[in-house]
Amino acid sequence: MEDLIREWKGETVVVRYDREADAWIFIAIYSTRLGPAAGGTRMRTYPSPRVALHDAMLLAKGMAYKYAVPNMPWGGGKCVIAVPEGLDEKVRPGLLRRYGALVKQLGGMFYTGPDMGTCSEDMDIIAETGAPYIFACTPKAGGSGSSGPYTAIGVLAGIKVACRNIYGTDDLNSRKVLVQGVGSVGGPLVDHLLNSGAHVLFSEVDEALVRRYRDEKGLEYVPEPAAYDTPCDVFSPCAIGGILNKATIARLNCKAVVGGANNQLETQEDADLLRTRGILYAPDYVVNVGGAMAILGMETKGWSKERAEKEVATSVSEALEHVFQIASKEGISPEAAASRIAEQRLAQA
Ligand code: PPY
């Protein structure tokens with residue numbers, strides 16, 4: 001792991017091995033130039049601690065860019081808790097409480113909330129020892145609950161901007177949108193798209209979610225291997241990262257990629273591959289800021305739910321429009337345009 005840390009451009013890595021749960025806790029803080037670091041806590045099984053640390057580092061950088069683009073006074077950080085396969089449910093609450101104590105010890109260097117593999121109920125447990133640095137606890141515990149629905153509002157706004165750029169109208173009526181992953185972001189996104197009259201298709205690996213969306217809601221289901229080939233107007237990745245690579249980009253049969261997943265591009269060069277194929281790519285951190293923006297706005301600035309929804313939709317629309325304009329004017333990928341904006345903001349701070 002030494003080489004990973006040496007080569008990383010971020011500020012700090014906090015490492016804790018939790019013996020009781022045989023879990024690794026990595027808190028990666030990419031930058032605190034714009035404010036204290038804040039980012040979700042991801043919990044899952046990784047092939048090795050090294051892969052988990054690498055994930056934390058990439059995600060922390062994504063958070064820094066995410067806040068920099070809309071000028072939010074927060075720094076980029078993320079926590080990854082790498083747990084053994086089939087973690088005993090009985091040791092989980094203890095692990096969360098020990099993690100909370102660690103966050104508290106950091107004394108405001110890192111604020112956190114839910115991410116893949118954790119939920120608001122987990123934040124309630126982490127906050128028992130980690131308050132006041134824990135966001136998005138359940139409403140019952142005085143928090144604002146899941147951030148997924150707010151992220152979905154931003155992704156919807158991004159899909160509209162992309163469609164306006166491609167088709168000259170942001171009317172989603174009959175537009176074919178393929179949502180990859182109908183979890184906490186993809187699920188609410190599907191509802192918004194249906195309300196906008198879009199033709200929604202979905203892919204999903206969780207059997208229970210497949211049943212809910214295919215059998216109960218009657219949506220068109222695309223088995224995961226076909227997700228990349230299926231013709232659609234917009235492909236919306238809302239599950240795992242790294243899904244846009246040389247192999248999948250060659251197969252894509254869409255006009256735009258706009259989704260909520262973090263770190264969708266496997267490498268920076270993949271942004272150019274998408275551009276060469278004539279596919280409009282909305283940089284993930286530009287369109288998936290909604291969850292963080294809403295939670296931080298409601299819990300640190302007293303925004304109402306309605307205010308948060310408005311701020312997310314307006315902010316994502318304006319930022320993405322700006323990114324697309326720069327990209328088209330300069331003949332560069334939207335990813336290159338967005339990362340330049342973020343890097344300039346970080347350098348000027
Ligand atoms: C993300 O946008 O990926 C997050 O981690 C969101 C977030 C940030 C800060 C608190 C809660 C959730």
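User: What does isoleucine 159 touch in this model, leaving out residues up to four places away in sequence?

Analyst: In this predicted model, isoleucine 159 touches Leu172, Val177, Leu189, Leu193, Val234, Ser236 and Val258, once residues up to four places away in sequence are not counted. Ile159 is also listed, together with Ile27 and Leu193, among the residues with the most contacts inside the largest nonpolar core, which has 107 residues. Helix 2 (residues 49-68) supplies the largest share of this core, 11 residues, and at least three residues come from each of domain 1 (2-63 + 72-141) and domain 2 (148-288 + 317-348). Another core, of 17 residues, lies apart from it and has Cys232, Ile249, Leu252 and Leu265 among its members.

User: What makes tyrosine 111 and tyrosine 133 a pair, and which term describes it?

Analyst: Rings pair if their centres lie within 6.5 Å, and planes over 60 degrees apart count as edge-to-face; the centres of tyrosine 111 and tyrosine 133 are 5.3 Å apart with planes at 85°, so this pair is edge-to-face. Tyrosine 111 belongs to strand 5 (residues 110-114), while tyrosine 133 lies in the loop between helix 4 (120-130) and helix 5 (148-167), so the pair ties together parts that are 22 residues apart in sequence. Ring pairs also link Trp74, Tyr111, Tyr133 and Phe135 into a cluster.

User: How do you know whether asparagine 245 is buried or exposed?

Analyst: The relative accessible area of asparagine 245 is 16%, and buried means under 20%, so asparagine 245 is buried. Asparagine 245 lies in the loop between strand 9 (234-237) and helix 8 (246-251), where a polar atom of its side chain is 2.9 Å from the backbone nitrogen of threonine 248. Leaving aside neighbours within four places in sequence, asparagine 245 is in contact with Glu266 and Asp270.

User: What makes tryptophan 24 partly exposed, and is phenylalanine 26 buried or exposed?

Analyst: Tryptophan 24 has a relative accessible area of 26%, which falls between the limits of 20% and 50%, so tryptophan 24 is partly exposed. Phenylalanine 26, at 0% relative accessibility, counts as buried.

Methods. Residues numbered from 1 in each chain as written. Predicted model: local features only at pLDDT ≥ 70, side-chain atom pairs only at ≥ 80, totals over all residues. Heavy atoms only, no water. Core = buried A, V, L, I, M, F, W, Y, C linked by side-chain atoms within 4.5 Å. Buried < 20%, exposed > 50% of the residue type's maximum accessible area, 1.4 Å probe, protein only. Helix = DSSP H or I, 4+ residues; strand = E, 2+ residues; numbered from the N terminus. Domains from an automatic or database assignment. Contact = heavy atoms within 4.5 Å. Polar contact = N/O pair within 3.5 Å; in protein donor to acceptor, adjacent residues only side chain to side chain. Phe/Tyr/Trp six-rings, centres within 6.5 Å; stacked < 30°, edge-to-face > 60°.
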